[in-house]
Amino acid sequence: MSDCLFCKIIAGDIPSTKLYEDDAVYAFRDINPQAPTHILVIPKAHISGCNDVTAENSALVARIFQVIPAIARAEGLTGGYRVVSNCGDDAGQTVHHLHFHILGGRKLALEMA
Ligand code: 5GP
Ligand code: ZN
């Protein structure tokens, strides 16, 4: 998608701090970190958000969840971390390309909202 920020990051048209890349998955540091470690993990294929995960593309989500523990280990998040995906306006989704936030490096509040 030509007008998608994260598609532009994947293409290298917008710079990012890359932490991991394979043929299907890309991970980079969030530009506005909410915790000492704040990483975004995204599929290279444009999927708009959780509502657009289907039987045809859900293997990409499984791939992402295989990659997440490896990134967390590499970042030294031995005490734990949180994985978040905001879906839609009420959740505050601002970029409509499916992404999973990895947050860690401090004790995170227990509230889910
Ligand atoms: P959302 O609010 O949609 O769940 O998360 C979007 C995230 O993308 C936010 O945490 C925001 O800081 C991050 N973000 C927005 N623009 C950029 C950018 O240009 N580069 C990087 N690395 N992160 C971005
Ligand atoms: Zn996209």
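**Ligand 1 and its pocket**

Tutor: Ligand 1 sits in the largest pocket. This is a predicted model, where local features need pLDDT of at least 70, side-chain atom pairs count only at pLDDT 80 or more, and totals for chains, interfaces and linings use all residues. Residues are numbered from 1 along each chain as its sequence is written, chains are lettered from A and ligands numbered from 1 in the order in which they are written, and side-chain values use heavy atoms, without hydrogens and water.

Student: What counts as a pocket, and what does "sits in" mean?

Tutor: On a 1 Å grid over the protein atoms alone, a pocket is an open set of points where a 1.4 Å probe fits, with protein on both sides within 12 Å along at least five of seven lines. A molecule sits in it if more than half of its atoms lie within 2 Å of its grid points.

Student: Which residues come nearest to ligand 1?

Tutor: R29, D30, N86, T94 and H101, out of 16 around it. Near means a heavy atom within 4 Å.

Student: Where are the polar atoms of D30 and T94 relative to ligand 1?

Tutor: A polar side-chain atom of D30 is 2.5 Å from a ligand 1 oxygen. For T94, a polar backbone atom lies 2.7 Å from an oxygen of ligand 1. Both are polar contacts (N or O pairs within 3.5 Å).

Student: How much of ligand 1 does the protein cover?

Tutor: The protein covers 83% of the 530 Å² of accessible area that ligand 1 has on its own (Shrake-Rupley method, 1.4 Å probe).

Student: New topic. How do β1 and β2 run?

Tutor: Antiparallel, with 3 bridges joining β1 (residues 18-21) to β2. Strands are DSSP E runs of at least two residues, and two pair if DSSP finds at least two bridges. Y20 stands opposite A27 in β2.

Student: What do they form?

Tutor: A hairpin, with 3 residues between β1 and β2.

Key. Polar contact = N/O pair within 3.5 Å; in protein donor to acceptor, adjacent residues only side chain to side chain. 1 Å grid on protein atoms, 1.4 Å probe; cavity = no way out; pocket = protein on both sides within 12 Å on 5 of 7 lines; lining within 4 Å. Helix = DSSP H or I, 4+ residues; strand = E, 2+ residues; numbered from the N terminus.
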